[in-house]
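Keep the viewer open and follow each solution step by step.

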Amino acid sequence: MRRKMAAGNWKMNGTGDTLAELTTLANDHAQAGCDVLICPPATLISRAAERVGHTTIAIGGQDCHAAEKGAHTGDISAAMLRDAGASHVILGHSERRENHGESSEMVRAKARAAWDAGLTAVICLGESLAEREAANTLDIIGGQLAGSIPDAATAENLIVAYEPIWAIGTGRVPTLDQIGEVHDFIRARLERRFGAGVGKTTRILYGGSVKPDNARDIFSVANVDGALVGGASLKAADFGAIIAALSA
Ligand code: PEP
């Protein structure tokens, strides 16, 4: 019912040379049993899209501006991402929320812009360590979900990524029960807000220190429909192993 997805977020890593990893990935996983999405830095989107144009690998941006165009020096609109060859865009990543002061309201406006441009939004939700230790995880996730996702969500234009901030780039991974609790909660909230059709078919990815050696266990958790991967998406061998775990 929900096709699994392996999504890679290269963050601010990669120049032209790095595209060789994408070529390897495309050659090795032409027949992947799951959807594959790579979100390189904006400077590489059009070259990446050209490289994988003949494959099923999709290319995405890592952020977009909420406005269609205008005086926003250094920003990129959703239509520009689309024009460069992207089909998806990551929005509300915790690094954007923390480093650029992005609120859920801003993420929601960006998601609307992404949808207007025909992009699928990968909307990230996640609690800090302090929030988890204070037993506030579900409140935080519920609030971010309500605030960040516009009303017009469908299973085609939305992918949700649960990314506990304390697990990103740290090697520290929640227990399978903790992952399962949050994913079940997100699923229930999606069903309550958007109805069973959208709620049951929208994909929910887990992100935070997913590696080849823990991927299979994480993917065994109910309501985990794939992964949003940072560090381990930079090397085709590592990301390929995660794709293989999802495709098994
Ligand atoms: C991320 O930043 O989205 C992420 C999940 O990073 P990592 O896999 O490196 O923890």
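**Exercise 1.** Does Ser209 count as buried or exposed?

*Solution.* Before starting, note that this is a predicted model, where local features need pLDDT of at least 70 and side-chain atom pairs count only at pLDDT 80 or more, while totals for chains, interfaces and linings use all residues. Residues are numbered from 1 along each chain as its sequence is written, and side-chain values use heavy atoms, with hydrogens and water left out.

Step 1: recall the cut-offs, with buried meaning under 20% relative accessible area, exposed over 50%, and partly exposed in between (1.4 Å probe, protein chains only).
Step 2: Ser209 has 8% relative accessibility, so it counts as buried.
Step 3: find Ser209 in the loop between strand 7 (203–207) and helix 9 (215–219). Helices (H or I, at least four residues) and strands (E, at least two) are DSSP runs, numbered from the N terminus.
Step 4: look at the backbone, where Ser209 has a positive phi of about 60 degrees although it is not a glycine.

**Exercise 2.** Find Asn223 and describe its phi and its burial.

*Solution.* Step 1: go to the loop between helix 9 and strand 8 (226–229), which holds Asn223.
Step 1: the phi of Asn223 is positive, near 70 degrees, and this residue is not a glycine.
Step 2: the relative accessible area of Asn223 is 17%, so Asn223 is buried.

**Exercise 3.** Where is His93, and which side chain does a polar contact of 3.3 Å join to it?

*Solution.* Step 1: His93 lies in the loop between strand 4 (88–91) and helix 4 (94–99).
Step 1: with 5% relative accessibility, His93 counts as buried.
Step 2: the polar contact of 3.3 Å joins the side chains of His93 and Glu163. A polar contact is a pair of N or O atoms within 3.5 Å; within protein, one must be able to donate a hydrogen and the other to accept it, and residues adjacent in sequence count only if both atoms are side-chain atoms.

**Exercise 4.** What span should the 13 residues of helix 5 (residues 104–116) have?

*Solution.* Step 1: the expected span of a helix is 1.5 Å times one less than its number of residues.
Step 1: for helix 5 this should give 18 Å, and its end C-alpha atoms are 18 Å apart, which agrees.
Step 2: just after helix 5, see Gly118, which takes a positive phi of about 85 degrees.
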